[in-house]
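Trainee: I would like to go through this structure and check each label against its cut-off.
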Number of protein chains: 2
Amino acid sequence: MRTLYHFPLQPQSRKMRLLLGEKHVECDFVIERPWERREAFLRINPASETPVLVEDGGLAIIGDYAIEEYLEEICPEPAMIGRTIQERAEIRRLVQWFDGKFQREVTQHTLDEKITKRLTGRGQPDSTAIRAGKVNVAVHLAYITWLIDRRNWLGGAELSLADLAAAAHLSAIDYVGDVPWDDHPTAKEWYARLKSRPSFRPLLADHLPGTQPPPHYADLDF
Amino acid sequence: MRTLYHFPLQPQSRKMRLLLGEKHVECDFVIERPWERREAFLRINPASETPVLVEDGGLAIIGDYAIEEYLEEICPEPAMIGRTIQERAEIRRLVQWFDGKFQREVTQHTLDEKITKRLTGRGQPDSTAIRAGKVNVAVHLAYITWLIDRRNWLGGAELSLADLAAAAHLSAIDYVGDVPWDDHPTAKEWYARLKSRPSFRPLLADHLPGTQPPPHYADLDF
């Protein structure tokens with residue numbers, strides 16, 4: 001059986017778990033705490049970063065960029081990176097939007113301050129950063145609203161990796177309680193559709209010792 | 001004619017210029033200063049980020065992730081993201097290494113402190129960050145040495161996008177004079193091979209007003 005090495009609250013790991021679920025790819029899951037620099041994991045990935053997918057034969061696919069393109073190639077159905085050249089460009093644009101822009105403007109300010117700093121012993125959360133994250137997340141929810149007013153899913157008519165990337169980040173931020181869903185009903189409706197998919201269930205069951213997600217985190221009718 | 005909107009010292013823009021050159025794709029180039037949030041550019045890319053490739057018919061391919069995969073699809077020769085599934089995974093791993101890990105550990109500490117902060121009016125360079133960047137770049141040059149001791153190019157036997165991503169970052173750092181080439185002769189030999197390719201020439205001619213790259217920057221025999 002193939003194995004995904006992941007860290008549950010890392011958005012890039014969550015994106016891979018959602019993608020494996022949507023493609024119905026069977027997989028074992030191993031939780032890796034990359035900052036511990038476990039020797040056996042470093043031998044697989046010298047960058048000591050999750051996610052890493054290891055195939056039965058030992059082939060290691062390292063990093064979310066390599067894994068998502070690999071899975072699309074070996075399991076093309078359902079297509080998650082589009083069917084036309086235009087769709088693929090639009091979906092990849094949005095994946096980079098969330099893993100780049102959203103990561104810098106929200107995830108780093110929110111999740112990294114509230115959770116990652118404590119886990120990795122890098123000091124106290126910076127309340128200025130957390131406030132900036134709260135301001136910024138509203139801008140991204142407004143952009144999701146703008147897209148969903150025009151399309152069924154973020155990347156177009158079909159569910160795609162763009163939705164999974166966005167939901168991976170937002171679900172991690174939601175775990176620390178910083179998503180103002182009620183101010184953004186269209187984005188909330190889109191997220192509720194994703195949250196009710198079977199691929200999402202394992203994420204809603206995640207629990208990081210010493211933390212408590214808000215009650216609505218795992219509630220499908222939030 | 002297609003047009004690439006780019007910022008000359010941004011590594012992701014440089015990677016695209018190198019890729020267009022290696023694939024012999026004809027292109028016009030427009031320098032964009034994304035932080036100015038030019039209205040016509042925002043209409044193309046609401047993220048106001050370079051690089052963006054606009055085709056004759058108006059199709060906009062936004063972001064380096066979308067553009068590199070698009071160019072590989074429309075101009076498959078020479079292949080720059082590998083010919084086998086293993087090669088593709090390895091090349092994408094290394095592209096993410098440089099655009100992720102190297103970017104956070106070196107580029108942000110060096111180029112962003114010395115150049116981007118001044119351009120965007122975000123204050124004075126942080127000398128602690130610049131020192132950290134100098135320590136970190138040596139670790140990455142050692143990793144390049146380790147790879148080149150085992151392979152002809154970073155991603156395998158053939159030149160690939162992995163080399164272009166690495167050289168895009170290193171050339172931008174080299175512009176501000178922070179690459180200790182003489183301590184890393186194997187990495188230097190690899191970089192000299194890249195630097196002498198026709199695709200590299202336009203990068204060596206870049207000049208940002210108010211800055212002066214070190215004399216060796218554009219010297220092929222450095």
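Mentor: Start with burial: 57% of the 222 residues in chain A are buried, meaning under 20% relative accessible area, with exposed over 50% and partly exposed in between (1.4 Å probe, protein chains only). This is a predicted model, in which local features need pLDDT of at least 70 and side-chain atom pairs pLDDT 80 or more, while totals for chains, interfaces and linings use all residues. Residues are numbered from 1 along each chain as written, chains are lettered from A and ligands numbered from 1 in written order, and side-chain values use heavy atoms, without hydrogens and water.

Trainee: What makes chain A as compact as a globular protein of that length?

Mentor: The radius of gyration of chain A is 17 Å, close to the 17 Å from the globule rule for 222 residues, so chain A is as compact as a globular protein of that length. The radius is taken over C-alpha atoms, and the rule is 2.2 Å times the number of residues to the power 0.38.

Trainee: Why is B:Glu68 called buried?

Mentor: Its relative accessible area is 2%, so B:Glu68 counts as buried. B:Glu68 sits in helix H3 (residues 64–74) of chain B; helices (H or I, at least four residues) and strands (E, at least two) are DSSP runs numbered from the N terminus.

Trainee: Which side chain makes a polar contact with the side chain of B:Glu68?

Mentor: That of B:Lys15, at 2.8 Å. A polar contact is a pair of N or O atoms within 3.5 Å; within protein, one must be able to donate a hydrogen and the other to accept it, and residues adjacent in sequence count only if both atoms are side-chain atoms. Not counting residues up to four places away in sequence, B:Glu68 also touches others, including A:Tyr65 and B:Leu161, where contact means heavy atoms within 4.5 Å.

Trainee: What makes B:Glu73 and A:Arg88 a salt bridge?

Mentor: Their closest N and O atoms are 2.4 Å apart. A salt bridge is a side-chain nitrogen of Lys or Arg within 4 Å of a carboxyl oxygen of Asp or Glu, so the pair qualifies. Four salt bridges are counted between chain A and chain B.

Trainee: How much area is buried between chain A and chain B?

Mentor: About 2500 Å², with 61% from carbon and sulfur atoms. Buried area is the accessible area (1.4 Å probe) that two parts lose on being put together, summed over both. The contact takes 29 residues from chain A and 29 residues from chain B.
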